[in-house]
Amino acid sequence: MTAESSERAEHAGTGASYAAAGVDIEAGDRAVELMKEWVKKTRRPEVLGGLGGFAGLFDASALKRYERPLLASATDGVGTKVDLARRMGVYDTIGHDLVGMVVDDLVVCGAEPLFMTDYICVGKVHPERVAAIVKGIAEGCVLAGCALVGGETAEHPGLLGEDDFDVAGAGTGVVEADHLLGADRIRTGDAVIAMASSGLHSNGYSLVRHVLFERAKMSLDQQVEEFGRTLGEELLEPTKIYSLDCLALTRTTEVHAFSHVTGGGLANNLARVIPDNLHAVVDRSTWTPGAVFDLVGTAGDVERLELEKTLNMGVGMIAVVPEESVDVALTTLADRGVDAWVAGEITDRGERTTGAELTGTYAN
């Protein structure tokens with residue numbers, strides 16, 4: 001053996017590798033195996049193949065029943081709420097938030113969510129944690145009636161800490177062109193029906209975290225009497241998924257528009273579906289926001305208008321329906337376990353400069 005070959009043999013196995021750089025392919029493979037059973041629960045008849053391919057397949061021939069199918073697409077994440085999940089070590093609820101943020105944007109135009117894909121980036125792959133996140137996404141897809149056809153788990157050592165992660169997702173839905181909902185259907189005298197949120201949902205957590213943890217010095221494990229549970233449990237309450245409830249509403253009565261109340265608050269999101277010549281008036285006295293909204297406002301001395309443009313204030317989805325559809329709409333939602341009420345009406349725009357406004361004072 002030459003001196004050169006002897007040196008190469010001595011140093012064999014000490015060179016750079018993907019694992020040495022911090023990426024564990026075997027852990028990623030194990031995460032995929034653990035998540036397969038949850039993904040299977042979301043399967044729809046139109047889905048072809050299984051988990052592990054380079055692309056998810058959906059049989060588009062199912063759209064032949066439509067005269068003119070319009071595909072709708074949406075993508076979103078859950079923001080800094082993931083930091084609370086990480087700090088609490090709870091990973092199987094954040095997926096509900098992700099699905100809700102995506103599919104409830106799709107249903108606003110009347111689209112049925114068909115399938116989703118997800119993207120999970122982590123500092124280090126902990127297979128059980130990744131599988132728990134996907135479990136939550138799959139459970140959310142079941143609640144939304146859509147399939148989870150694929151996704152990606154990316155390990156980013158050096159960019160994220162070992163316990164850090166983020167999630168994002170994209171969804172596709174379909175709606176018949178003649179059934180497309182939106183501003184052009186809304187008329188003066190239409191009723192504004194509010195659907196209760198399950199809590200903060202997935203918006204405004206930068207404000208919430210600043211107020212409750214930095215200013216008020218509260219802790220996640222702190223018991224809060226008004227909640228009947230810990231602060232952390234309240235803050236991790238999953239986003240309510242309304243897609244099947246909204247679709248049921250379109251089948252039982254006439255609906256002119258939906259509005260998903262997310263970042264920007266109720267008035268700003270409702271204004272997005274109001275035509276330029278009309279105005280939506282929502283009466284605060286028709287509901288009482290949950291205790292978590294009062295806590296954020298009080299602990300941070302946050303002005304009401306600031307709260308309202310950041311948080312949903314207890315309303316997660318709006319339906320705009322003709323006055324004659326109100327009774328059927330409320331009955332349909334009640335039968336599905338959705339707390340809903342008439343919160344306002346559509347009027348002429350007049351001299352108003354905005355498309356929607358909140359009036360009155362919240363009920364006690």
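User: Hi! Which residue in β6 does L71 stand opposite?
Analyst: L71 stands opposite V174 in β6. Two strands count as paired if DSSP finds at least two bridges between them. Strands here are DSSP runs of E with at least two residues, helices are runs of H or I with at least four, and both are numbered from the N terminus.

User: Thanks! What kind of model is this, and what are the ground rules?
Analyst: This is a predicted model, where local features need pLDDT of at least 70 and side-chain atom pairs count only at pLDDT 80 or more, while totals for chains, interfaces and linings use all residues. Residues are numbered from 1 along each chain as its sequence is written, and side-chain values use heavy atoms, with hydrogens and water left out.

User: Back to β6, then. Which strands pair with it?
Analyst: Strand β3 (residues 69–77) runs antiparallel to β6, joined by nine bridges. Strand β4 (residues 112–122) also pairs with β6 in the antiparallel sense, over 10 bridges.

User: Is β6 mostly covered or exposed?
Analyst: Mostly covered: of the 12 residues in β6 (residues 165–176), nine are buried. Buried means under 20% relative accessible area, exposed means over 50%, and partly exposed lies in between (1.4 Å probe, protein chains only).

User: And what is β4's link to β5 like, parallel or antiparallel?
Analyst: Parallel, with eight bridges joining β4 to β5 (residues 147–155). Y119 stands opposite E152 in β5. The chain gets from β4 to β5 through helix α5 (residues 127–144), and this β-α-β crossover is right-handed. That term means that, with the strands pointing away from the viewer, the path from the first strand over the helix to the second runs clockwise.

User: OK, salt bridges. How many do you count?
Analyst: The count is 15, taking a salt bridge as a side-chain nitrogen of Lys or Arg within 4 Å of a carboxyl oxygen of Asp or Glu. One of them joins D83 and R86, with the closest N and O atoms 2.7 Å apart. Both residues lie in helix α3 (residues 81–88), three residues apart, about one turn of the helix.

User: Which residues are networked with D83?
Analyst: R86, R87, D164 and R209 are linked with D83 in a network of salt bridges. R86 is partly exposed, with a relative accessible area of 27%.

User: What about E308 and R284, buried or exposed?
Analyst: Both are buried, and their side chains meet in a salt bridge at 2.7 Å, N to O. E308 is in helix α11 (residues 304–308) and R284 in the loop between β11 (278–283) and α10 (291–299), so the pair ties together parts 24 residues apart in sequence.

User: Last one: what are the whole-chain numbers?
Analyst: The protein chain has 12 helices and 14 strands, and 51% of its 364 residues are buried. It exposes about 17,300 Å², with carbon and sulfur atoms supplying 49% of that; accessible areas come from the Shrake-Rupley method with a 1.4 Å probe, and for residues only the protein chains shown count as cover.
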